[in-house]
Amino acid sequence: MIDLSGRVAIVTGASRGIGRAIATQLAACGARVVAAAREDNARQTADAIAAVGGQADALSIDVTSPGAAEQAIEFAMATHGRIDILVNNAGIARDQLMLRMKREDWDAVLATNLTGAFAMTQAALKPMIRQRGGRIVCISSVVGQRGNAGQANYAASKAGLIGFAKAVALEVASRGITVNVVAPGLIETDMTRTITDGAREEWISKIPLRRLGAPEDIAAAVCFLASDEASYITGQVLAVNGGMYT
Ligand code: NAP
């Protein structure tokens, strides 16, 4: 059992899907969690964690807003006095074939998925460096590793996260901070709910483990990378994709 007792974790995009599962599992491992999403959307996640004896606060931030990252870190520091784990999970997709893709859809996806992670990481690193330790996990995608038609903006943002994490990992390793990436395959969440039954069956037939992933599959990988057991792992991409891309 992974023990994260006494650690403070911020999870962006914690209102539903993968982020909610990550926040829940980190709390089950003993972490005090700041569950962040827009408006008051992460409230249910925080309440559900508290209902089973965990510790969580809901925080309203839009990762694309200037100053939001600093606000999130200030909240964690004011509430808990430290920040040990940052999970850059907030993400959106605006799919379209390249020739028809609107510039605003390119900008929106890059702003949330990549620039949001940049801002959160930069803000979190300051207290982590002072503490001489920390764990940063970015949620990329199999699409960032192998591409996908109709997702040039999303693929670019998710591939960008991999390069970003590898570069930052080298910069902060001497401070005891690790930076890693989890690259999910196809996971059952709101993001994938619009897939037609036919397309779903076709995807499943191409996944060696013959099922879509669950948010909890991703959360387990994040908890491992956040744990003491993963202290010698940095700059890595952990694919959690049922074998669909190796
Ligand atoms: P989801 O169910 O659509 O949830 C997305 C989360 O991101 C929500 O909590 C949403 O919160 C938050 N979010 C979006 N824009 C935000 C913003 N500007 N500021 C703050 N929070 C924001 O998606 P999911 O499937 O759980 O995906 C989570 C992550 O995993 C994403 O980065 C996604 O790209 C990645 N991923 C998903 C899959 C998959 O198959 N589902 C596969 C690979 C990678 P609010 O809307 O409540 O603010």
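On a 1 Å grid over the protein atoms alone, a cavity is a set of points where a 1.4 Å probe fits but cannot get out, whereas a pocket is an open set with protein on both sides within 12 Å along at least five of seven lines; lining residues have an atom within 4 Å of a point. This is a predicted model, in which local features need pLDDT of at least 70 and side-chain atom pairs count only at pLDDT 80 or more, while totals for chains, interfaces and linings use all residues. Residues are numbered from 1 along each chain as its sequence is written, and side-chain values use heavy atoms, with hydrogens and water left out.

View 1. The largest cavity has a volume of about 40 Å³. Its lining includes Thr 12, Val 63, Asn 88, Asn 89 and Leu 161. Helix 4 (residues 103-131) gives the most to this lining, with four residues; helices (H or I, at least four residues) and strands (E, at least two) are DSSP runs numbered from the N terminus. By class, the lining of the largest cavity holds four nonpolar, six polar and no charged residues. Here Ala, Val, Leu, Ile, Met, Phe, Trp, Tyr, Cys and Pro count as nonpolar, Asp, Glu, Lys and Arg as charged, and the others, Gly among them, as polar.

**View 2. The largest pocket and its lining.** The largest pocket has a volume of about 1,200 Å³. Of its 49 lining residues, Gly 91, Ala 93, Tyr 154, Thr 189 and Met 191 lie nearest the centre. Helix 7 supplies the largest share of the lining, four residues. The lining of the largest pocket comprises 20 nonpolar, 19 polar and ten charged residues.

**View 3. The ligand and its shell.** The ligand sits in the largest pocket (more than half of its atoms lie within 2 Å of the grid points). Helix 1 (17-28) and helix 6 (152-172) are the elements that give two or more residues to the shell around the ligand. Among the 31 residues around the ligand, Ser 15, Asn 41, Asn 89, Tyr 154 and Thr 189 come nearest, a residue being near if one of its heavy atoms lies within 4 Å. The shell contains 13 nonpolar, 13 polar and five charged residues.

View 4. A polar side-chain atom of Thr 189 lies 2.5 Å from an oxygen atom of the ligand, and one of Ser 15 lies 2.7 Å from a ligand oxygen atom.

Key
A polar contact is a pair of N or O atoms within 3.5 Å; within protein, one must be able to donate a hydrogen and the other to accept it, and residues adjacent in sequence count only if both atoms are side-chain atoms. Grid points are joined across faces, edges and corners, and a volume is the space filled by probe spheres set on the points.
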